[in-house]
Amino acid sequence: MNRGRWSALAATAVCLASWAALAWAALGPARLGDISAVYALGAVPLGLGWLLAVRAPGSPVSPALTWLAASMLATPAVESWGRTAATGSPWWGSAVMSVIGAGAWPWQLVGFMALLLVFPDGRLPGRRWAAVGFAIPVSALLVNAAFVLTMNYHDPQPAHSPVAVPEPIWAPLLVGALLLLLAVVVTCVASVVVRYRAGDDRTRQQLRWLILAAVVIVTLMVASWVVTSQGWLGPEAYAGFLLGIVVLLPAAVTVAVLRHDLFEIDRILSDSVAWILTTAVAALALALVAGGIGYLVGRDSRAGLTGSVFLVALAVLPLHRAIHRAVARVIDRDRAVILERVQQFVEQVRDGSAEPESVETVLRATVSDPELTLLLTDVGGSGYVDLTGRPAAPAEDGVRVPLRTADTDVGLLVVSPGSMRGLRRARLAVTAARLPIEVSRLRLGLRRALHEVDESRRRLVTASAQERRRLERDLHDGAQQQLIALGMQLRSAQRRLPGAHPVNAELDQAVERIEHAVAELRRLANGVRPATLDDGLAAALARLSADSPVPVDVDVELEGADMPSEVLMTTAYFVVSEAVANALKHARAQRIRVTARHSGPQLHIRVSDDGDGGAPTESGLTALRDRVGSIGGLLTVTSAPRTGTTIEVVLPCAS
Amino acid sequence: MRVVIAEDSVLFREGLVRLLTESGHDVVATVGDADALPAAMREHRPDVAVIDVRMPPTMTDDGARAAQTIRADHPQQPILLLSQHVETRHSVNLVSTGAFGYLLKDRVLRVADFLDALTRVAAGGSALDPQIVAALLTSGRSLLAALSTREHEVLALTAEGHSNTAIAAKLIVSERTVETHMRSIFQRLQLAETPDSHRRVLAVLTYLRSQPM
């Protein structure tokens, strides 16, 4: 068992003895009859002290709490003991106790002061502060002694101090002791401030619990004072204040030690302070305004009162906001900084100076967690992807925060394991950055969808090219072949006929028809897919000009380039053939020029004529445009009247 | 003549065999696969080989490639390529070598012309389909644009393998006129004139081959 436990045990013994004494004094033969429920509440700090002793062994807050309970209970116990002297059945030593008890009240503060000094981890803010640790009991003892020594002068009841202090000394003695006590109390409070300023995140957060309790207790005290001074309530108004001290403070320090990041203490504290300040300012303003208006329109004017309430109400909301912001900046600084940074980023995204995809980097910097990762739900897939669209799995040891918008799973925030506070910060930041995250996700989805459309179009075009090729072969190797074989059979039959046979001429005719049919089939097959493409795109384009009634200059240089794919060749061929046909049909061109060049990963084709120009740029070229678009190419038409038409096509070679 | 036929379409092959046999030629072997052709050629050493361009195994231009392989072994081997459609990629290298013909398949139906062409090729001459000549000429169109229509006709006929006399008869002009045209053609194409008419054809085609395809 460590020292803390022994200490707690001793304090508990004191508590039990005090309770017994109080109960015996009230209900026993002495019949003091005055027992307060407040004494029962002493069980709260005692119980919490023991809870800490079990759950956080070694924490100095545990004995501090138990001694807080002990000092709270022992003081009235000693007082009661002393008071039995005046009853019919005085206890043993009650006379001495009544003397001591007359100045025992400072001991009730000892527990609080000790708590302030050692909270939260028992380390003193510095070496010199050890003196304060001694000063606490010493100052209490001194005040107690001073009261005892001077009781003859200030106690309303006839009392007898064991040592008579000469009259000129008692006042400075008493005042000096009280000043010392006050100084120790102030120093203890100062220790909290010093520790807060020097402390790390965790210490500060634990201290915030204490500060929250202190703020509430002070507020309750002020409120109680106002209520009683106005005569609205009797001393019972202080019950809240007492509860604050006995229940709220121990509870707050217990939470601070055990689960310091149970709630968003920064925010609670900040909100509470802001609320209290607003209320105070509003009350002050109401008093001033009401006073001012009352002075102007008459003290009991109903209109004056309504008007002042109205005026103050108008001011309270903006006032509250301003106070809230100001307080938040001081108390809950992290939160304010995070919100400000993320907000700044969101605005940058909005005005286009930042990419929404950089949200992860911004979040990492904002919450200072380089391990933070943002994963998005794969649109149209399962699992998660990172912001570049690559599939990604959340880190095993990371803490996962699901991101949702209404019913949609937007993604997952993975932060490195740490405090609840860090997690809350990350949550806050990610909520503020919801917009860029959603935009990133949608952009990713859009890119993916476009990519898929592109892919499927590519597949369709390739399939169609293959189909054309197959069809062309079927025509050549199937029908055409069959027809020729048929013709040969006829010729063979013809050979066996006598030369002058009348059927001869008929057979000649039949074979001629077959020849026509074969030529026709060849023409058809050529339309499906020009067989000349087998000789390469350059040869096919050159051959194209052979069928033109006007000169077509074909200037094709594709050397050094890889053999273009079937799809690219067919597309290029048909684009040129269609453009040439258009020039012949609509533009009354006299000369047509076709150039084709490889330029990096692109094939540039240009078909220009010296015709009428003024070609329809849209409707008439839809078929051409679709053909070019089908493999992701670009088509531009320049066609001013009387300057001819130029069609320029850029085809990506990867298709 | 002893003939080897390489043709994958059974109907056409049988028709061709029959046609040649009935015309008094001797079909010593038929193959339906370009890969089997060199072996058959080595075994039979035919006077002429009739080869389909598009054949198994790849059904693209296996026949033409087989012809080039055969020529690599036997540069003098007469070869007649048959094709369903005009394709010049492989024939260009061969047209200038002589003893070579390249016809569209339906020319077979003009039996007399076909046999004539076959005989010409077997004898070391050439026989090119007018359409294929046209295709070859288009390839060199930019330079040939200098030729007149008549000169074009003459050159085309020359390229098909006809002699000056035959061309004169076809165009119904005198042989002298044809000779004049030929001289003009060579001049315009900047070719040195040689006494042998056949060589002149080859010279033209060699020139065409040098054109970017």
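Reply: A salt bridge here is a side-chain nitrogen of Lys or Arg within 4 Å of a carboxyl oxygen of Asp or Glu. Keep in mind that the model is predicted. By that rule, 6 salt bridges cross the interface of chain B and chain A. One pairs the side chains of Asp106(B) and Arg522(A), with N to O at 2.9 Å.

Which parts of chain B do the touching? Helices α1 (10-22), α5 (111-122) and α6 (130-139) of chain B each supply at least two residues of the side that touches chain A. The largest share comes from α1(B), with 6 residues. By class, this side of chain B has 13 nonpolar, 9 polar and 10 charged residues.

Now the extent of the contact. Chain B puts in 32 residues, and chain A puts in 30 residues. The size of an interface is often given as the accessible area lost when the parts come together. Between chain B and chain A, the buried area is about 2,900 Å². Carbon and sulfur atoms give 51% of that area. In chain B, the residues that lose the most area to chain A are Arg54(B), Gln84(B) and Leu109(B). Together they make up 25% of what the chain B side buries.

Next, the backbone of chain B. Pro56(B) and Pro57(B) are joined by a cis peptide bond, with omega about 10°. Pro57(B) sits in the loop between β3 (48-52) and α3 (62-73) of chain B. Arg45(B) has a positive phi, near 40°, and is a residue other than glycine. Its place is the loop between α2 (37-44) and β3 of chain B.

Chain A has a cis peptide bond as well. This bond joins Phe119(A) and Pro120(A), with omega about 0°. Pro120(A) is found in the loop between α6 (107-118) and α7 (129-154) of chain A.

Then there is a helix pair within chain A. Helix α8 (residues 167-198) packs with helix α9 (residues 201-229) of chain A at an angle of about 145°. Their axes are 8 Å apart. The crossing of α8(A) and α9(A) is left-handed. From α8(A), the contact uses Val192(A), Arg195(A), Tyr196(A) and Arg197(A). From α9(A) come Thr203(A), Arg204(A), Leu207(A), Arg208(A), Leu210(A) and Ile211(A). By class, the contact of α8(A) with α9(A) has 5 nonpolar, 1 polar and 4 charged residues.

Back to salt bridges, this time over the whole structure. Over all chains, there are 34. One of them lies within chain A: Arg470(A) forms a salt bridge with Asp474(A), and the closest N and O atoms are 3.0 Å apart. Both residues belong to helix α16 (residues 434-495) of chain A. Arg470(A) and Asp474(A) are 4 residues apart, about one turn of the helix.

Notes
Residues numbered from 1 in each chain as written. Chains lettered and ligands numbered in written order. Predicted model: local features only at pLDDT ≥ 70, side-chain atom pairs only at ≥ 80, totals over all residues. Heavy atoms only, no water. Contact = heavy atoms within 4.5 Å. Buried area = accessible area lost by both parts, 1.4 Å probe. Nonpolar A, V, L, I, M, F, W, Y, C, P; charged D, E, K, R; others polar. Axes fitted to C-alpha atoms, helices over the stretch in contact; angles between N-to-C directions. Left-handed = near helix turned anticlockwise from the far one by under 90°.
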